[in-house]
Amino acid sequence: MQHAENEPRVYDYIIMGCGISALTAAKHLLDKNSVLILESYRVPGGNHQSHLIEGMEFDIGAICFNTTDEQFKHFPELLGSCIPKAVEVMKICTNGSLGQYPFDWHTEASSLSLAERMFCLASLLSCRFRKDRQDDARSYAQSRIGDFLYQRVGLDLYIKRLFGVDAADIDYDFALKRMQWLSRETSLRFRIGRFIRRQIKKIPPRGETVVRPPGGFGCYYEKALCRLRDEGVEFVFGEKALKIETAAGVTAVTTANRTHLAKKLISTIPLDEASGLCGLPETNLPTVTLLSLFVALRGSWLPDCSILYNFHKFGNWKRITVHSDFYPGPGSYDKHCTVEITVPAGMMPTAPADAFADVEAHLRAMKIIEGELVLIGSSELRNAYPIPEKGFKARRDAAIARLASKDVICLGRQGKFEYIPHSNVAAKETITTLEKALEPAELPQQREPAVVELRTELPPLPVAT
Ligand SMILES: Cc1cc2nc3c(=O)[nH]c(=O)nc-3n(C[C@H](O)[C@H](O)[C@H](O)COP(=O)(O)OP(=O)(O)OC[C@H]3O[C@@H](n4cnc5c(N)ncnc54)[C@H](O)[C@@H]3O)c2cc1C
């Protein structure tokens, strides 16, 4: 759309946030619409964030992708820059031994006495055939594996570490949707089907695991931005939306610097924040704050894995990712890792030094590390992910409907208040939501996906800036 030199431009869409949901939405819209992306951070990628400290690269969370992920269909250049990597994932079991994640039937079941095995079977059968209504994540999980195994494998501890609340307070439909792996792994029909498919080699290829290239997520996502810029999308970084007003079919998004105008708005920012900016009632939906400790080790990391989950009774941490396995440091330490600790809604995070002391004591007690462990940095990420507490859906859906009445489409992990575990899901759900919300005339024509060659070697580490 042409606009006069001195008149402010009215975009067809302003997208708030610049994470994977916003980038996918922009790609989907740009054929037939003018688009501005407005982001409060100074770099793209949303909550995919990297920190460079003393020449070592740390990410928030454990970040790996699969070559078949949806986002790569829209941004083949991202896949082209990724590096194939076999990523070993393990967990500390409730008995302190190391096992496979999420279940290690062998380690967890082999130590059961005969009496315990009988008890386990009885508990499984009684939970499977229980008639009372399942209305939370705990009863869902118990219905699949029985109460005895549920506690034995530490699923209760894991859910508590993930969301900061008991599984009994987590929504049932959420569990059904997001814990499908539990249904699959405990379905006799699925396991027999999988066995037969394996025998006749009919398992479809699942693609390869890849990680981002060295240089941090900002540089990685810059490749997607280059393409979007070439195709007409505009970007504003370092400006936080402070107010949203709609009049005469035009929405004005005001930041500390200026006002941006659009016919429609897409929000990937936290649902409560978007509601507040539009002058709508806030819903106070709870979210997890993630405290990430960046630690370096002179000595040995003993498990044979790069990602370790904590299913043990003790230890405040949820997951450790050994980033030096993907991005070697300058050599002053043997390993560097990010340790994740969830802070329940409404609580203040523990001081990083105190949280670190707890982590270190636990890792030593579990014989996970040997040598000197040093805390070299930390980060506190608010709204890291939503807490799907029982009864959240009605409040969430009402807030999304109120925003829709103001021509705001909600997308993404915080935007839709959806526990989206992976960018593959974020990209898929973005497309589904847009196809439902938009007129066919606004949607792009189908194109053939590009074929991409993967890099096979790690390029040299870029110089720190
Ligand atoms: C701990 C953790 C681990 C993860 N692990 C993986 C993984 O292994 N693999 C994987 O593929 N994905 C992973 N993810 C990514 C995650 O699964 C989602 O795919 C992704 O974060 C969701 O992207 P999004 O675009 O919906 O939202 P976000 O990435 O949350 O983006 C929302 C953006 O809105 C911006 N914003 C907020 N308020 C305003 C405002 N007022 N004005 C302007 N902008 C604003 C924020 O700055 C943010 O950039 C992980 C994420 C986390 C937090």
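**Entry 1: Terms and model**

I take helices (H or I, at least four residues) and strands (E, at least two) as DSSP runs, numbered from the N terminus. By that rule I find N383 in strand β18. I note that this is a predicted model, in which local features need pLDDT of at least 70 and side-chain atom pairs count only at pLDDT 80 or more, while totals for chains, interfaces and linings use all residues. I number residues from 1 along each chain as its sequence is written, and side-chain values use heavy atoms, with hydrogens and water left out.

**Entry 2: Backbone angles**

I looked up phi for N383 and noted a positive value of about 55°, although N383 is not a glycine. I record N383 as partly exposed, because its relative accessible area is 24% (buried means under 20% relative accessible area, exposed over 50%, and partly exposed in between, with a 1.4 Å probe and protein chains only).

I then turned to A248, a residue other than glycine with a positive phi near 50°. A248 lies in the loop between β11 (243–247) and β12 (250–254). I count A248 as exposed, because its relative accessibility is 84%.

I also looked up a peptide bond: the one from Y101 to P102 is cis, with omega near -5°. I place P102 in the loop between β8 (98–100) and α4 (105–110).

**Entry 3: The ligand**

Which residues are closest to the ligand? I list S21, E39, A62, E273 and S423 as the closest, in a shell of 35 residues around the ligand (a residue is near a molecule if one of its heavy atoms lies within 4 Å of it). I divide the shell into 16 nonpolar, 12 polar and 7 charged residues. For this count, Ala, Val, Leu, Ile, Met, Phe, Trp, Tyr, Cys and Pro are nonpolar, Asp, Glu, Lys and Arg are charged, and the others, Gly among them, are polar.

A polar side-chain atom of S423 lies 2.3 Å from an oxygen atom of the ligand. For E273, a polar side-chain atom lies 2.6 Å from a nitrogen atom of the ligand. At I20, a backbone N or O atom is 3.2 Å from an oxygen atom of the ligand.

I note that the ligand taken alone exposes 990 Å², of which the protein buries 96% (accessible areas come from the Shrake-Rupley method with a 1.4 Å probe; for residues, only the protein chains shown count as cover). The elements that give two or more residues to the shell are α1 (20–29), β2 (35–39), β18 (369–386) and α15 (423–437).

**Entry 4: Aromatic rings**

I find 22 aromatic pairs in the structure. Rings of Phe, Tyr and Trp (its six-membered ring) pair if their centres lie within 6.5 Å; planes under 30 degrees apart count as stacked, over 60 as edge-to-face and the rest as tilted.

Why is the pair of F217 and Y220 edge-to-face? I call it so because the planes stand at 75°, with the ring centres 5.7 Å apart. These two residues are 3 residues apart in helix α11 (residues 217–230), and therefore about one helical turn separates them. F217 is buried, with a relative accessible area of 0%, and Y220 is buried too, at 1%.

F217 also pairs with Y221, and this pair is stacked, with 5.8 Å centre to centre and 25° between the planes. Both residues lie in helix α11, 4 residues apart, about one turn of the helix. Y221 is buried, with a relative accessible area of 1%. I group F65, F72, F217, Y220 and Y221 as one aromatic cluster.

**Entry 5: Charges over rings**

I looked for charges over rings (NZ of Lys or CZ of Arg within 6 Å of the ring centre and within 35 degrees of the ring normal). R212 lies over the face of F217, at 5.4 Å from the ring centre. K91 lies over the face of F311, at 4.3 Å from the ring centre.

**Entry 6: Two loop residues**

Is Q49 buried or exposed? I record Q49 as buried, because its relative accessible area is 18%. Q49 lies in the loop between β2 and β3 (50–53). Its side chain makes a polar contact with the side chain of Y41, at 2.9 Å (a pair of N or O atoms within 3.5 Å; within protein, one must be able to donate a hydrogen and the other to accept it, and residues adjacent in sequence count only if both atoms are side-chain atoms).

L302 lies in the loop between β14 (287–301) and β15 (307–310). I record L302 as partly exposed, with a relative accessible area of 41%. The C-alpha atoms of L302 and E370 are separated by 7.6 Å, although the two residues are 68 residues apart along the chain.
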